[in-house]
Amino acid sequence: MPIVIGAKRESDFTDPIGMLGDCHRRIERFLNTLWTVATGAKGGPLTNEQQAALATSLRYFRDAAPKHTADEEESLFPRLCRLDRPDLQPLLAKIDSLQQDHECAERSHREVDHLGQLWLANGRLSPQDAERLTNVLTQLAELYRHHIAMEDTEVFPFAANALASSDRETIGAEMAARRGVGSAT
Ligand SMILES: [Fe+2]
Ligand SMILES: [Fe+2]
């Protein structure tokens with residue numbers, strides 16, 4: 001595991017629920033970077049630093065963030081749904097709305113990626129496209145604020161308590177496989 005000085009030690013595949021929370025911090029950070037570039041340069045010429053930040057953040061949402069969605073939709077949520085506990089109904093309804101958020105976020109990210117790539121390729125954006133980019137990023141920030149809070153404060157703590165350790169191990173192994181690495185379990 002890489003050592004990050006001055007930062008909280010990141011979870012590994014032996015703590016998949018902790019890893020999902022760590023992913024949220026990266027989503028927030030890269031979204032904030034996109035916002036900073038979009039509102040700082042406003043569709044005009046980008047500095048080298050802004051160009052690199054934009055390209056890295058777009059790549060994160062194109063390549064890495066979909067794996068987080070798959071971790072939840074293919075590994076975590078189905079196992080919670082299978083718990084078959086009567087007290088789970090309210091949580092299952094929330095999981096349903098979280099999955100709808102994923103679809104909505106995916107559409108917005110496709111648009112952000114398109115506009116961001118256009119900006120990188122042409123060196124500037126039209127005023128309409130620049131405004132649209134800022135609007136979509138604002139919508140995404142709002143969506144993630146609710147979405148991440150619900151997962152961090154309700155779904156993940158429940159999962160950490162309710163899932164059997166064998167389930168958590170399997171989720172960790174599936175997350176590792178999704179990233180093409182062997183898990184420690
Ligand atoms: Fe999610
Ligand atoms: Fe999430």
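**Figure 1. Surroundings of Tyr-144 in the predicted model.** Beyond its neighbours within four places in sequence, Tyr-144 is in contact with Ile-27, Leu-31, Phe-61, Ala-105, His-109 and Ala-149. The model shown here and in the following views is predicted. The side chains of Tyr-144 and His-109 are joined by a polar contact of 2.8 Å. His-109 belongs to helix 3 and is buried, its relative accessible area being 13%. When residues up to four places away in sequence are not counted, His-109 touches Phe-61, Leu-140 and Tyr-144.

**Figure 2. The largest nonpolar core.** This core comprises 26 residues, and those with the most contacts inside it are Phe-61, Val-112, Trp-119, Leu-133 and Tyr-144. At least two of its residues come from each of helix 1 (16-41), helix 2 (48-81), helix 3 and helix 4. The greatest contribution is that of helix 4, which supplies eight residues. Another core, of 18 residues, lies apart from this one and includes Phe-13, Ile-95, Leu-163 and Ile-171. In soluble globular proteins, nonpolar side chains tend to be buried together.

**Figure 3. Helix 3 and its buried residues.** The 34 residues of helix 3 should span 50 Å at 1.5 Å a residue, and the C-alpha atoms at its ends are 50 Å apart, in agreement with that value. The buried residues of this helix are Leu-91, Ile-95, Leu-98, His-102, Ala-105, Ser-108, His-109, Val-112, Asp-113, Leu-115, Gly-116 and Trp-119. They pack against helix 1, helix 2 and helix 4. An α-helix has 3.6 residues a turn, so residues three or four places apart point the same way. After helix 3 comes Gly-123, which has a positive phi near 80°.

Figure 4. Glu-72 (OE), His-102 (NE2), His-147 (NE2) and Glu-151 (OE) coordinate the iron ion (ligand 1) at 2.1 to 2.2 Å. The arrangement is irregular because the four donor atoms subtend angles of 83 to 170°. Along the chain, the donors of the iron ion (ligand 1) follow the spacing E-x29-H-x44-H-x3-E. Distant parts of the chain are linked by the pair His-102, in helix 3 (residues 89-122), and His-147, in helix 4 (residues 127-162), which are 45 residues apart. His-102 and His-147 are both buried.

Figure 5. The iron ion (ligand 2) is coordinated at 2.0 to 2.1 Å by His-24 (NE2), His-68 (NE2), Glu-72 (OE) and Glu-151 (OE). The distance between the iron ion (ligand 2) and the iron ion (ligand 1) is 3.1 Å, and Glu-72 coordinates both. Angles among the four donor atoms of the iron ion (ligand 2) run from 84 to 168°, and the site is irregular. The donor residues of the iron ion (ligand 2) have the sequence spacing H-x43-H-x3-E-x78-E. Here the pair linking distant parts of the chain is His-68 in helix 2 and Glu-151 in helix 4, 83 residues apart. Both members of this pair, His-68 and Glu-151, are buried.

Technical notes
Residues are numbered from 1 along each chain as its sequence is written. Chains are lettered from A and ligands numbered from 1 in the order in which they are written. This is a predicted model: local features need pLDDT of at least 70, side-chain atom pairs count only at pLDDT 80 or more; totals for chains, interfaces and linings use all residues. Side-chain values use heavy atoms; hydrogens and water are left out. Donors are N, O and S atoms within 2.8 Å of the metal (3.2 Å for Na, K and Ca); water is not among the atoms, so sites may look incomplete. Four donors count as tetrahedral if all angles lie between 85 and 135 degrees; four count as square planar and six as octahedral if opposite donors are over 155 degrees apart and all others between 65 and 115; anything else is irregular. Helices (H or I, at least four residues) and strands (E, at least two) are DSSP runs, numbered from the N terminus. Buried means under 20% relative accessible area, exposed over 50%, partly exposed in between (1.4 Å probe, protein chains only). A nonpolar core is a set of buried Ala, Val, Leu, Ile, Met, Phe, Trp, Tyr and Cys residues joined through side-chain atoms within 4.5 Å. Contact means heavy atoms within 4.5 Å. The expected span of a helix is 1.5 Å times one less than its number of residues. A polar contact is a pair of N or O atoms within 3.5 Å; within protein, one must be able to donate a hydrogen and the other to accept it, and residues adjacent in sequence count only if both atoms are side-chain atoms.
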